[in-house]
Amino acid sequence: MHRFANPTRFLKIANAVLPFATGGFVILLGLGLYYSLFNSPSDYQQGDTVRIMYIHVPAAYLAVMIYGVIAGSSLSLLIWKHPLAELIARASAPVGLIFTFLCLATGSLWGKPMWGTWWVWDARLTSMLILLFLYAGYIALSNAFDEPGRGNKPAAILALVGVVNLPIIKFSVDWWNTLHQPASIIRMDGPTIASEMLTPLFLMLGAFTCFYLMLLVIRLRSEIAASKLRIAMMAGSGAAGAGSEFERAGG
Amino acid sequence: MSEFFAMGGHAAFIWPCYGLAAIVMILLVVQSLRSMRMNEKLAENLRASRSRRREQRADPPAHSHPAQSGSGQSEMEAEA
């Protein structure tokens with residue numbers, strides 16, 4: 001019964017968050033686009049390609065942050081068997097995959113004019129590519145079994161093992177010689193970016209965060225409905241009475 | 001205006017970047033909303049058909065309920 005009680009109560013909170021996330025996304029995106037395309041200077045070395053950063057960095061941040069969410073959910077799934085944890089992880093994984101891809105693609109679009117190459121096998125780029133494969137592996141593994149829910153545990157273990165990659169991504173620019181620029185926002189001596197460029201960057205970071213929250217609520221609702229369907233079907237194939245029992249617990 | 005679109009000669013890299021971001025984000029929203037609507041509709045249909053079946057089951061066997069109260073009555077009668 002607790003399988004249902006939690007998600008249903010959670011849905012109420014999530015639905016209350018949805019208008020704020022959507023509104024925040026629209027407003028921050030509008031402001032962020034205005035600043036990143038019109039009202040920010042071009043870089044003295046990079047010219048206007050610096051504007052790619054306002055998409056690239058928020059995408060990279062979401063890619064890593066969503067992986068952290070999946071790893072946290074996987075941990076609570078394995079330890080406490082929290083019913084929401086597997087749903088949050090399932091709902092988040094494709095979003096993280098897409099943003100990892102967007103990060104790599106926009107990085108390439110910046111690398112071609114600035115480095116003269118679409119791709120180099122250096123530590124930052126390679127560790128981000130590994131993140132992409134971790135996402136893909138997680139999604140494939142969690143859907144690899146015919147019996148629904150069977151893949152959750154192995155996928156959770158994969159997600160936790162993959163956490164090793166996160167500090168490698170973060171510190172790759174310090175540990176290895178790389179073409180990728182070093183950390184310029186989160187560092188001990190404060191940001192080294194001009195404040196005119198920080199404004200659009202933080203607006204876009206906020207917009208992307210709201211976008212993820214908005215998608216998370218929508219995708220969680222989908223996952224919760226899908227899991228109700230799965231449970232009803234499993235119960236329906238057994239005793240009919242058991243099905244209605246599950247349903248009463250859910251309604 | 002054309003200067004703005006030229007992006008200092010880097011238009012070929014900057015606009016695809018923003019365009020790609022727009023495309024994947026729109027696709028994410030569309031796919032997520034679609035699957036939510038589909039799953040919630042299926043779940044609602046299932047719930048509706050289940051409760052209809054439960055009503056049908058509850059209606060015709062009217063004898064099961066009175067029979068219990070009847071037996072209770074007979075017990076009371078027996079005690080009296």
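**Entry 1**

I started with the packing of helix 2 (residues 53–80) of chain A on helix 3 of chain A, in what is a predicted model. I read an angle of about 155° between the two helices, and their axes are 7 Å apart. Is this pair roughly parallel or roughly antiparallel? Angles over 145 degrees count as roughly antiparallel. Helix 2 of chain A and helix 3 of chain A are therefore roughly antiparallel to each other. I then looked up the handedness: helix 2 of chain A passes helix 3 of chain A in a left-handed crossing. Next I sorted the residues of this contact by class. I noted 19 nonpolar, nine polar and one charged.

**Entry 1: helix 2 against helix 5**

I stayed with helix 2 of chain A and turned to helix 5 (residues 152–161) of chain A. Their axes come within 9 Å and cross at roughly 130°. That angle makes helix 2 of chain A oblique to helix 5 of chain A. I logged this crossing as left-handed.

**Entry 2: the length of helix 3**

I went back to helix 3 of chain A, which covers residues 83–115. How far should its 33 residues span? At 1.5 Å a residue, I expect 48 Å. I checked the end C-alpha atoms and found them 47 Å apart, which agrees.

**Entry 3: bend, cover and end of helix 3**

I looked for a bend along helix 3 of chain A. There is one of about 30° at A:Ser92. A proline, A:Pro94, follows within four residues of the bend. I then asked how many residues of helix 3 of chain A are buried. The count is 24 of 33, so I wrote the helix down as mostly covered; a residue is buried if 20 or more other C-beta atoms lie within 10 Å of its own. Just after helix 3 of chain A comes A:Gly116. I noted a positive phi of about 85° there.

**Entry 4: two single residues**

I picked A:Leu104, which is found in helix 3 of chain A. Is A:Leu104 buried or exposed? I found 20 C-beta neighbours inside 10 Å, so A:Leu104 counts as buried. I also took a distance from A:Leu104 to A:Ile139. In sequence they are 35 residues apart; in space, C-alpha to C-alpha, they are 19 Å apart.

Which distance separates the C-alpha atoms of A:Phe202 and A:Val57? I read 9.9 Å, for residues that are 145 apart along the chain.

I stepped back to chain A. I listed eight helices and zero strands. From the N terminus on, I wrote the elements as α-α-α-α-α-α-α-α. Taken along the principal axes, the C-alpha atoms of chain A fill a box of roughly 70 × 35 × 30 Å. Chain A has 251 residues, and 39% of them are buried.

Then I opened chain B. I listed three helices and zero strands. Along the sequence, chain B gave me the pattern α-α-α. Of its 80 residues, 12% count as buried.

Note on methods:
Residues numbered from 1 in each chain as written. Chains lettered and ligands numbered in written order. Predicted model: local features only at pLDDT ≥ 70, side-chain atom pairs only at ≥ 80, totals over all residues. Expected span 1.5 Å × (residues − 1). Bend = angle between axes of the 7 residues up to and from the residue. Axes fitted to C-alpha atoms, helices over the stretch in contact; angles between N-to-C directions. Parallel < 35°, antiparallel > 145°, perpendicular 65-115°, else oblique. Left-handed = near helix turned anticlockwise from the far one by under 90°. Nonpolar A, V, L, I, M, F, W, Y, C, P; charged D, E, K, R; others polar.
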